[in-house]
Amino acid sequence: MSSSHVMVVGAGPTGMLLAAELARRNVGVRLVEKRDRPAEHSRALGIVPRTMEMFESLGLIDELLTHGHRVHGIRIYGKERRLLVDLDLRNLPTRYPFMLLLPQTRTEAILRHFLEELEVKIEWGTELTTFRPEKSGICAELTHSGRSQESFCGYLAGCDGAHSTVRKKAGLDFRGAAYQQNWLLADVSLEPRLDPKFMHLFTCPTGPIIFFPLPENVWRIVAMRPGTVQDAGQATLEEIAAMLERNQLGHSAIS
């Protein structure tokens, strides 16, 4: 039976950041991840000031700022594209008074490299199936390549997302509910007549449409689709263009 002081379940940004904080304090850590490889899609984008302060303490902030795109805040528009809210972050009492937009894949790559320097290995394709408490810690059952093994740890940290095995096996409730709406998400090359130093949210009859600026004239578009989450499918450029035209954004926001 293998052992570690802390076993972190889940190698997303949260799990990797926790593992890094433990390792740099010389705490023995084991990091396991059910997926067999890193994520390939950009996924989440926004990094808030407090998180940037944490990355600064790790010595990683310069790399994030180099690859990310800074935005001063968000602008929200109502009928006839009238500006309703202009939320500006530049007066926040922090060294980082802005939101940094950086694809999650890049954030994860930066953290993986840092973990390599700390000699922490991500155990890909390793799934926590169950665990049980013992007198001096936790006995975890892991599965890898069809084989099961038991591993002992002093502490078990669940960083395995909304469908957390750790949370479920510990009998902890999920407070809240999953969104049932069907959302479209796309990273598209655009030249909109929008200030790239801000995020922009348009209220529309079919639901909100949000534009997130990224480097090199790439914008992420997030919009509500008809139907429920069960109806989700791959977005197409034709669908995106039709949605913008239907909500009168084809000419007023997009050049």
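**Close-up 1. Arg35 and Glu33 pair up in a salt bridge.** In this predicted model, the closest N and O atoms of Arg35 and Glu33 sit 3.1 Å apart. How exposed is each partner? Glu33 counts as buried because its relative accessibility is 8%, under the 20% cut-off. Arg35 comes out at 26%, so it counts as partly exposed. Keep both residues in mind, as they turn up again in the next view.

**Close-up 2. Here is the largest pocket, with about 530 Å³ of space.** Its lining is made up of 24 residues, and the closest to the pocket centre are Glu33, Arg35, Cys159, Asp160 and Gly161. Sorted by class, the lining has 8 nonpolar, 9 polar and 7 charged residues.

**Close-up 3. Arg75 and Asp86 join two strands through their side chains.** This salt bridge spans 3.5 Å from N to O. Arg75 belongs to strand β5 (residues 73–77) and Asp86 to strand β6 (residues 83–88), so the contact ties together parts that lie 11 residues apart in sequence. Asp86 is partly exposed, with a relative accessible area of 41%.

**Close-up 4. Glu134 and Arg132 form another salt bridge.** The closest N and O atoms of this pair are 3.2 Å apart. Buried, exposed or partly exposed: what is Arg132? Arg132 has 38% relative accessibility, so it counts as partly exposed. Glu134 has 38% too and is likewise counted as partly exposed.

**Close-up 5. Glu21, Arg24 and Arg25 make up a salt-bridge network.** As background, side chains of opposite charge can pair when their charged atoms come close.

**Close-up 6. Three strands line up as an open sheet.** Reading across, the order is β3-β7-β4, and the pairing is antiparallel. On the edges are β3 (46–47) and β4 (69–71), each of which pairs on one side only. Strand β7 (residues 99–101) and β4 run antiparallel to each other and share 3 bridges. To find one of these spots, look for Val71, whose bridge partner in β7 is Met99. Strands like these pair through backbone hydrogen bonds.

Note on methods. Residues are numbered from 1 along each chain as its sequence is written. This is a predicted model: local features need pLDDT of at least 70, side-chain atom pairs count only at pLDDT 80 or more; totals for chains, interfaces and linings use all residues. Side-chain values use heavy atoms; hydrogens and water are left out. Two strands pair if DSSP finds at least two bridges between them. Helices (H or I, at least four residues) and strands (E, at least two) are DSSP runs, numbered from the N terminus. On a 1 Å grid over the protein atoms alone, a cavity is a set of points where a 1.4 Å probe fits but cannot get out, and a pocket is an open set with protein on both sides within 12 Å along at least five of seven lines; lining residues have an atom within 4 Å of a point. Grid points are joined across faces, edges and corners, and a volume is the space filled by probe spheres set on the points. Ala, Val, Leu, Ile, Met, Phe, Trp, Tyr, Cys and Pro count as nonpolar, Asp, Glu, Lys and Arg as charged, and the others, Gly among them, as polar. A salt bridge is a side-chain nitrogen of Lys or Arg within 4 Å of a carboxyl oxygen of Asp or Glu. Buried means under 20% relative accessible area, exposed over 50%, partly exposed in between (1.4 Å probe, protein chains only).
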